Every structure is written in structure tokens, then in C-alpha cells.
Amino acid sequence: MMKKSKMIKRNSFIDRACHWTVVICFFLVALSGIAMFFPSLSWLTQTFGTPQMGRILHPFFGVLIFFVLIVMFFRFVKHNIPKKDDIGWFLHIVEVLKGNEHKVADVGKYNPGQKMMFWSIMSLILVLLVTGIIIWRPYFAHLFPMWSIRLCLLLHAVAAIVLIHAILIHIYMAFWVKGSISGMIEGKVSRKWARKHHPRWAREVEAEEEKHHR
């Protein structure tokens, strides 16, 4: 019988690299965007050096986020397809919040809450890309009528605010579920963590390990 390591690979290097690239870029884009939305907070653009540099670089970093998220989409989408048994997770959300997720749902690599976050982020970033291109001066804004620019400014701001809140929830949950952050930094989680929070995924990984060691 093979000797099992105490750790299981959770995230590959490319997944972690993409994730932290998005984190850094999102931080810069969010702060510069808030500074443009609230002039009294213009000092936030110091993340880019000056307010002028913030306005110039904000959309470029936004486009970079979109393309990195496209890579992440194709790498993660197969694990984030909603399934019928996800409903049980939501019906027992109180138990999930108590830390008894393993007792009420047979969770795969990502739980239903993470799946919802995945699709929310992907949808919102698409809205931000389309509206951002339409309002992007001096490159594209002149190609569109003023009413569409005004509408896109509103939609862009709303989508950005919703996305910022979604990311804050994501960060909170990462700290709340101990072991999640180390899984995205080091790429590995303990078997105990995997069996408690993602039991179906843990079984699949261990079954694959058994097959490779026969």
C-alpha cells in the first residue's frame, strides 16, 4: 500500500500566477476607478503615480484582467458547472456557515457558493469590458453616440461597485475557511481540509493517485 502525503495539490502554478496577477491588477484598477468616481478620493490614484496616469492606465489594466480571467475561465469552468445537487448546499446554508458543510453536501472541487462567485465575476468583467471600451477616450468613445456613452458610464459604475463587493466577500470567505489562502499561495491543502470542505473532490484525487500507483 502506498504511503500518502499529508498534502494534496489544489492549484497549479499557472492557476496561482493568474489568480495573483488578477488580484494585483484588480487592486490597482479598483482604487483608480473609485478615485475617478469620487473626486475627493483622487489621492487613491497615487497607486499609479498621478491622477493623470491613473486615468491612462486604468483601462489598460482592466483589459489585462479580462484576458487573464479568460485563461482562468477555460481552466476552471469544468469545475464550476452548476449541478442539481448544489441546491441542497443552499438549502442547508446555515449548517454550511457553521462549518458543517461536509455533513449536508458532497462538494466537488468548488462548492455552489464558489461556483456562483465564479459566474458572477466572469459576467461582471464582461460588462465592464464592453462598457469600458465604449467610454474609453480617446480611442473608442468618439465612435458612439452620447446617450450610449452616458448609459455605459452608469452600467460601468454599477458593475464595478457590485464586483468590488463580490471580491470583498470572496476575500472574507478565503480568510473564514482556514487553509484556503495557503492553497492559493503554496498550491497545496491538507487531506483533512480537502475531506472536510470538498469531500467528493478529495475522493476523486485519491482515486486518481491509487490508479497511478498500481
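**Note on the predicted structure**

1. Among contacts in the protein chain between residues at least 6 apart in sequence, 69% join residues that are at least 24 apart. The model is a predicted one, and the points below should be read with that in mind.

2. The protein chain has 214 residues, and buried residues make up 40% of them. Along its principal axes, the C-alpha trace of the chain spans about 65 × 35 × 30 Å.

3. How many helices and strands does the protein chain have? There are 10 helices and 2 strands. Read from the N terminus, the order of these elements is β-α-α-α-α-α-α-α-α-β-α-α.

4. The entry assigns residues 16-187 to "domain: Cytochrome b561 bacterial/Ni-hydrogenase". In the model this span is 72% helix and 0% strand, and its end C-alpha atoms lie 7 Å apart. The entry also gives the annotation "transmembrane region" to residues 20-44, 56-77, 116-136 and 148-175.

5. Residues 20-44 are 72% helix and 0% strand, with 21 Å between the end C-alpha atoms. Residues 116-136 are 90% helix and 0% strand, and here the end C-alpha atoms are 29 Å apart.

6. Helix α1 (residues 13-37) packs with helix α2 (residues 51-76) at an angle of about 150°, and the two axes are 8 Å apart. Because an angle over 145 degrees counts as roughly antiparallel, α1 is described as roughly antiparallel to α2. The crossing of these two helices is left-handed. The residues of the contact of α1 with α2 comprise 16 nonpolar, 7 polar and 3 charged.

7. Within helix α2 lies G54. Is G54 buried or exposed? Its relative accessibility is 1%, so G54 counts as buried; the cut-off for that class is under 20% relative accessible area. Leaving aside residues up to four places away in sequence, G54 touches S32 and F48. A further residue, I87, is 33 residues from G54 along the chain, and the C-alpha atoms of the two are separated by 43 Å.

8. Helix α1 also packs with helix α7 (residues 146-176), at an angle of about 135° and with the axes 11 Å apart. That angle makes α1 oblique to α7. The crossing of α1 and α7 is left-handed. Which residues meet in this contact? From α1 they are H19, F26, A30, I34 and F37, and from α7 they are A157, L163, I164, I167 and H170. By class, the contact of α1 with α7 has 8 nonpolar residues, 2 polar residues and no charged residues.

9. Helix α7 has another partner in α6 (112-134). The two pack at an angle of about 150°, with their axes 9 Å apart, and α6 and α7 are therefore roughly antiparallel to each other. Their crossing is left-handed. In the contact of α6 with α7 there are 17 nonpolar and 5 polar residues, and no charged residues.

10. A residue of helix α7 that may be examined individually is V158. With a relative accessible area of 44%, V158 is partly exposed; that class lies between the limits of 20% for buried and 50% for exposed. V158 and V127 are 31 residues apart in sequence, and the distance between them in space is 9.9 Å, C-alpha to C-alpha.

11. The last point concerns the loop between α6 and α7, where P138 is found. The peptide bond from R137 to P138 is cis, with omega near 5°. For comparison, most peptide bonds are trans.

How values were computed
Residues numbered from 1 in each chain as written. Predicted model: local features only at pLDDT ≥ 70, side-chain atom pairs only at ≥ 80, totals over all residues. Heavy atoms only, no water. UniProt positions renumbered as here; feature names shortened; annotations may be inferred. Helix = DSSP H or I, 4+ residues; strand = E, 2+ residues; numbered from the N terminus. Axes fitted to C-alpha atoms, helices over the stretch in contact; angles between N-to-C directions. Parallel < 35°, antiparallel > 145°, perpendicular 65-115°, else oblique. Left-handed = near helix turned anticlockwise from the far one by under 90°. Contact = heavy atoms within 4.5 Å. Nonpolar A, V, L, I, M, F, W, Y, C, P; charged D, E, K, R; others polar. Buried < 20%, exposed > 50% of the residue type's maximum accessible area, 1.4 Å probe, protein only.
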